Amino acid sequence: MSKPSVAEVRAGGQPAGIKERVNEEHWAGRLYMRDISPYLTTLFVRLRVPPNPITYLMMVFGVLAGVIVAFGGLWSAILAAVFVQIYLLLDCSDGEVARYTGRTSVAGIYLDRIGHYVSEVALLIGLGIRAQGEFEAGGWVILGMTAALGVVLIKAETDNVVVARAKAGLPEKISEEAMKPKSSGLSLARRLASMLKVHRLIQAVELSLIVVVAAVADLFLGDLTATRILVVACAGVAVLMSFAHFVSVLASRRLE
């Protein structure tokens, strides 16, 4: 076990079906990151690094991306996007180390969830400061914080379904049928939202890339118009999605 091959680590750390986890596996993981992560995972395994320190490192890069993006300018946007890619790589790697070494734990799951909370919140607040144009309180900072709060509420709504079911003695696993709203109108709205994928605007990987595009646009425009439009869009999507997700949970059979 001290010198496993990449193929061995890939087989142990990426069991069959891991890329097909609809609600847990990011598209970037399926597209390219799960092909890259076993190389880093193998290094961690050979160095006997436990999974939880890797998760802490993931948090560091996620939060640093938010701090860096706040400074404004094109290069800060590019560096933040690179840091988010490292964050995603470490997010893949910590679970692979845990599965390969048999060190999966409840604490590890908890840390992973908190890591996503703080990283996405940091990026949105950093974006608000970037749109403000200076490290001072203002309307754009408030909009960034509004978007961050919306993201936290969406994640809390999702996680509390599991908490509520556990407290009620119901099984954790929820069928796809139970996820669908009872109302045909709400069911149609849910399918449309899924097709449009507007929620991706407020997810770290997608947002970090869009921030780079906005930074390029700002250079051509000579001001912060593109970044500010992005902040408004993020706040609007976050507020709308947090409310829609709340309604979707209550209108489905997830709590039955």
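**Figure 1. Overall fold of the predicted model.** From the N terminus on, the elements of the protein run α-α-α-α-α-α-α-α-α-α. That makes ten helices and zero strands in a model that is predicted. Of the 256 residues, 43% count as buried. The accessible surface comes to about 13500 Å², and carbon and sulfur atoms hold 69% of that area. Among contacts with a separation of 6 or more, 78% are between residues 24 or more positions apart.

Figure 2. Residues 137-156 are 90% helix and 0% strand in the model, with the end C-alpha atoms 27 Å apart.

Figure 3. Glu-96 pairs with Arg-34 in a salt bridge, the closest N and O atoms being 2.8 Å apart. Glu-96 lies in helix α4 (residues 74-101) and Arg-34 in helix α2 (residues 27-46), so the pair ties together parts that are 62 residues apart in sequence. Glu-96 has a relative accessible area of 1%; because buried means under 20%, this residue counts as buried. Arg-34 is buried as well, at 4%.

Figure 4. The closest N and O atoms of Glu-120 and Lys-155 are 3.6 Å apart, and the two residues form a salt bridge. This pair links distant parts of the chain, with Glu-120 in helix α5 (residues 106-132) and Lys-155 in helix α6, 35 residues apart. Both Glu-120 and Lys-155 are buried.

**Figure 5. The salt bridge of Glu-206 and Arg-200.** The side chains of Glu-206 and Arg-200 meet in a salt bridge at 4.0 Å, N to O. Glu-206 is buried, with a relative accessible area of 8%, whereas Arg-200 is partly exposed at 25%.

**Figure 6. Glu-157, a buried charge with no salt bridge.** Glu-157 is found in helix α6 (residues 139-167). The nearest side chain of opposite charge to Glu-157 is that of Arg-254, 8.4 Å away. Leaving aside neighbours within four places in sequence, Glu-157 is in contact with Ser-242, His-245 and Phe-246.

**Figure 7. A nonpolar patch on the surface.** The patch is formed by Leu-57, Val-60, Val-63, Leu-64, Val-67, Phe-71, Val-118 and Phe-135, with about 670 Å² of accessible area together. Helix α3 (residues 51-69) gives the largest share, five residues. Leu-57 sits in helix α3 and is partly exposed, with a relative accessible area of 35%.

Note on methods. Residues are numbered from 1 along each chain as its sequence is written. This is a predicted model: local features need pLDDT of at least 70, side-chain atom pairs count only at pLDDT 80 or more; totals for chains, interfaces and linings use all residues. Side-chain values use heavy atoms; hydrogens and water are left out. Helices (H or I, at least four residues) and strands (E, at least two) are DSSP runs, numbered from the N terminus. Buried means under 20% relative accessible area, exposed over 50%, partly exposed in between (1.4 Å probe, protein chains only). Lys and Arg count as positive and Asp and Glu as negative; His and the chain ends are not counted. Contact means heavy atoms within 4.5 Å. Patches are made of residues with over 30% relative accessible area and no salt bridge: like charges are joined within 9 Å, nonpolar side chains (Val, Leu, Ile, Met, Phe, Trp, Tyr) within 5 Å. Accessible areas come from the Shrake-Rupley method with a 1.4 Å probe; for residues, only the protein chains shown count as cover.
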